[in-house]
Amino acid sequence: MNQSLFKYSLHLGDNALIIGHRLSEWCGHGPVLEQDIALTNIALDFVGQARMWFQYAGEIEGKGRTEDDLAYLRLERDYTNCLLTEQTNGHWGKTILRQYLYDVYNYQLYEDLMESQDERIAAIAVKSIKEIAYHREFSTDWLYRLSGGTEESQQKMQEALDELYHYAGELVEHFSWEQELAQQGLIQRRENPGEAYFSIINHEMDRAGLDVPYDRPMQTGGRTGLHTEHMGFILTELQYMQRTYPGVEW
Amino acid sequence: MKDWPLWEVFIRSSNGLHHKHAGSLHAPDNEVALKNARDVYTRRNEGVSIWVVESKHVHASDPSDAEAFFEPAKDKIYRHPTFYDLPDEVKHI
């Protein structure tokens, strides 16, 4: 088994699963019906992407674990999603800001994955990037609307940025699985993903009239299974059905 | 968000067909209206094109005018092209 490929697929699946789960928490609670359904659509896109990565990870592992086993029956330390994806929804603006920070990264990542020498990775990326392009358009649009809205909405977006910015660095960290897969010639990441990412983010924040909190040290840990306190609560809810009624189907 | 105006949504289900009224929604401006329409009315692959029109720009006939508007057409069946025989070779009519 290609251990790096297995772990990388799991990681990509975990990111999609956890941010998708967070967005699904808005279902029935959106500020208006139209945005409620918009976020639910996006949540479903992510859950769909998570399925594809977990199916692939299960096949690579070859021990018969299904996508459900991987999504619902691991322990917290085995999840390798980035810390940003597990942060709480907060108010609408905070969810938008979290989504924006993630979507810019995600689009850049999948652009690179489309060029992968691994056919399956490339196929998943090609299928997903259209969805991700829409996510990015959606969150960028709302970012500008809210930061350029009223004094109150601007202030809330600034608070959200102060609360979340230090989780952005982990998204573009150099990471061992990626480097190993690059050495094996299976994936190609762009030269300096962090520079590309932050040049967009910082520029757009500036345009949106928000102050980037440059002095905050970046937080990291999710990719090695060291999560924030929110992760346990997410898993409690996410895994409840499979833990309570093992093997339940519907 | 309570002040968001109402928009009427028209969807073209496939190329070559005309846009049909699909429903309505609230949005602050035309860009969001289009995005909302995409999310609310095309999530099950219903469309290839969307029009949105702010509802205040739609002028509707008055129900109390219905008799004057529509009754006169009821007894003019000769306006339907059904009074001549078509040769079998003519298709698509």
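A residue counts as buried here if 20 or more other C-beta atoms lie within 10 Å of its own C-beta, with C-beta atoms placed from the backbone. By that count, buried residues make up 41% of the 250 residues in chain A. In chain B the share is 17% of 93 residues. The model is predicted. Chain A has 10 helices and 0 strands, while chain B has 2 helices and 3 strands.

**Confidence**

- The mean pLDDT of chain A is 95.
- In chain A, 100% of the residues score at least 70.
- Helix H8 of chain A, residues 176–183, has the lowest confidence in the chain, with a mean of 90.
- Helix H4 of chain A, residues 83–86, has the highest, at 98.
- Where pLDDT is low, predicted coordinates should not be read in detail.

**Chain A: overall form**

- The order of elements along the sequence is α-α-α-α-α-α-α-α-α-α.
- Chain A has a radius of gyration of 18 Å, close to the 18 Å that the globule rule gives for 250 residues, so chain A is as compact as a globular protein of that length.
- Along the principal axes, the C-alpha atoms of chain A fill a box of roughly 55 × 45 × 30 Å.
- Among contacts in chain A with a separation of 6 or more, 77% join residues 24 or more positions apart.

**Chain B: overall form**

- Chain B reads β-β-α-β-α along its sequence.
- The radius of gyration of chain B is 19 Å, whereas a compact globule of 93 residues would have one near 12 Å.
- The C-alpha trace of chain B spans about 55 × 40 × 15 Å along its principal axes.
- Of the chain B contacts between residues at least 6 apart in sequence, 44% join residues at least 24 apart.

**Nonpolar cores**

- The largest nonpolar core holds 65 residues.
- Its members that touch the most other members are Trp53(A), Leu84(A), Leu97(A), Leu101(A), Tyr105(A), Leu161(A) and Leu164(A).
- Helix H5 of chain A, residues 92–113, gives the most to this core, with 11 residues.
- Leu164(A) is in contact with Leu84(A), Gln87(A), Leu97(A), Arg98(A) and Leu101(A), leaving aside neighbours within four places in sequence.
- A second, separate core has 12 residues, among them Ala22(B), Leu25(B), Ala37(B) and Ile50(B).

**Where the chains meet**

- Contacts between the chains involve 7 residues of chain A and 9 residues of chain B.
- Helix H2 of chain A, residues 33–61, supplies the largest share of the chain A side, with 4 residues.
- By class, the chain A side has 5 nonpolar, 1 polar and 1 charged residues.

**Helix H2 of chain A**

- H2(A) has 29 residues and should span 42 Å at 1.5 Å a residue; its end C-alpha atoms are 42 Å apart, which agrees.
- Just after H2(A), Gly62(A) takes a positive phi of about 70°.
- Asp36(A) lies in helix H2 of chain A.
- Asp36(A) has 17 C-beta neighbours inside 10 Å, so Asp36(A) counts as partly exposed.
- Beyond its neighbours within four places in sequence, Asp36(A) is in contact with Trp26(A), Cys27(A), Gly28(A) and Gly30(A).
- Asp36(A) and Trp26(A) are 10 residues apart in sequence, and their C-alpha atoms are 6.6 Å apart.

**Two exposed residues**

- Tyr240(A) sits in helix H10 of chain A, residues 230–244.
- Tyr240(A) is exposed because it has 11 other C-beta atoms within 10 Å, and a residue with 12 or fewer counts as exposed.
- The C-alpha atoms of Tyr240(A) and Phe6(A) are separated by 25 Å, and the two residues are 234 residues apart along the chain.
- Asn45(B) is in the loop between helix H1 (30–41) and strand S3 (49–54) of chain B.
- Asn45(B) has 7 other C-beta atoms within 10 Å, so Asn45(B) is exposed too.
- The phi of Asn45(B) is near 65°, a positive value in a residue other than glycine.

Methods: Residues are numbered from 1 along each chain as its sequence is written. Chains are lettered from A and ligands numbered from 1 in the order in which they are written. This is a predicted model: local features need pLDDT of at least 70, side-chain atom pairs count only at pLDDT 80 or more; totals for chains, interfaces and linings use all residues. Two residues are in contact if their C-beta atoms, placed from the backbone, lie within 7 Å. Ala, Val, Leu, Ile, Met, Phe, Trp, Tyr, Cys and Pro count as nonpolar, Asp, Glu, Lys and Arg as charged, and the others, Gly among them, as polar. pLDDT is the predictor's confidence in each residue, from 0 to 100. The expected span of a helix is 1.5 Å times one less than its number of residues. The radius of gyration is taken over C-alpha atoms; the globule rule is 2.2 Å times the number of residues to the power 0.38. A nonpolar core is a set of buried Ala, Val, Leu, Ile, Met, Phe, Trp, Tyr and Cys residues joined through C-beta atoms within 7 Å.
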